[in-house]
Amino acid sequence: MDRFDARILEALQLNARATAEALSDHVGLSADACRKRLARLRASGVIEAEIAVLDPASVGRGLILIVEVTLQHERKIALDRFKAAMQAAPEVMQCYYVTGHADFILILSARDMADYEDFTRRHFFAEDNVLRFRTSAVMDRVKTGFALPVDAA
C-alpha cells in the first residue's frame with residue numbers, strides 16, 4: 001500500500017459513495033487509476049464492505065446497549081455456537097471475542113427495554129453456556145463509525 005492507496009482509503013471512510021472522479025481530485029491520480037486501485041483494494045479484501053450508517057432512532061431502534069458476556073466453558077464447539085448465534089441475531093451490530101473479564105463484547109440495538117429483555121431470554125437465559133452478562137445502556141452516541149487511521153507502507 002502506498003500513499004495513494006492510503007489517501008483513497010481515508011477518503012472512502014468519510015464517504016463510501018465517492019466517485020473515482022472525486023477521488024481523483026483528492027488523491028492526485030487520474031479517475032481511471034483510482035478505479036483500478038479501488039478494484040484491487042476490494043479484490044484483496046482491504047475494503048471489507050461499503051455500508052450505510054443509519055440513525056438508530058430513525059428506524060425505531062434507539063436503545064443501544066453494550067453487553068459483556070461470560071461463557072461457562074470456552075470449548076471450541078461452545079465458542080463457535082455462540083459466535084454463530086450472535087452473527088445470526090439482527091439486533092447485534094458488533095460482536096467481539098475478547099480477553100479480560102468477559103469473553104464477548106456485544107453492541108446491539110433494541111426498540112426498548114422490553115425488546116432487550118426478549119433478546120436476553122432468547123440468547124442468554126436459554127443458552128446453558130452463558131454464565132453471566134453485564135449490560136450498559138448508551139446515553140449518548142459521542143462517536144460512531146469504523147474509520148481506521150491509514151498509513152502508507
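**Pockets and salt bridges**

Author: Start with the largest pocket, which has a volume of about 850 Å³. Keep in mind that this is a predicted model.

Reader: How many residues line the largest pocket, and which lie nearest its centre?
Author: The lining has 23 residues. Nearest the centre are Gln-13, Ala-49, Phe-146, Ala-147 and Leu-148.

Reader: What classes of residue are in that lining?
Author: The largest pocket is lined by 15 nonpolar, four polar and four charged residues.

Reader: OK, what volume does the second largest pocket have?
Author: About 620 Å³. Its lining takes in 24 residues, with Val-53, Met-93, Gln-94, Arg-141 and Phe-146 closest to the centre.

Reader: Which strand gives the most to that lining?
Author: β2 does, with four residues. β1, β2 (92-97) and β3 (104-110) each supply at least two.

Reader: And the classes there?
Author: For the second largest pocket, 15 nonpolar, four polar and five charged.

Reader: New topic. How many salt bridges does the structure hold?
Author: 15. In general, side chains of opposite charge can pair when their charged atoms come close.

Reader: Which residue does Glu-68 meet in a salt bridge?
Author: Arg-134, at 2.9 Å from N to O. Glu-68 lies in strand β1 and Arg-134 in strand β4, so this bridge ties together parts 66 residues apart in sequence. Glu-68 is partly exposed at 23% relative accessibility, while Arg-134 is exposed at 54%.

Reader: What about Asp-80 and Lys-76, how far apart are their closest N and O atoms?
Author: 2.6 Å, in a salt bridge. Both residues lie in helix α4 (residues 76-88), four residues apart, about one turn of the helix. Asp-80 is partly exposed, with a relative accessible area of 33%. Lys-76 is exposed, at 62%.

Reader: Last one. Which residues do shared partners join into one network?
Author: Asp-2, Asp-5, Arg-37 and Arg-40, through salt bridges that share partners.

Terms used: Residues numbered from 1 in each chain as written. Predicted model: local features only at pLDDT ≥ 70, side-chain atom pairs only at ≥ 80, totals over all residues. Heavy atoms only, no water. Salt bridge = Lys/Arg side-chain N within 4 Å of Asp/Glu carboxyl O. Buried < 20%, exposed > 50% of the residue type's maximum accessible area, 1.4 Å probe, protein only. 1 Å grid on protein atoms, 1.4 Å probe; cavity = no way out; pocket = protein on both sides within 12 Å on 5 of 7 lines; lining within 4 Å. Points joined across faces, edges and corners; volume = space filled by probe spheres on them. Nonpolar A, V, L, I, M, F, W, Y, C, P; charged D, E, K, R; others polar.
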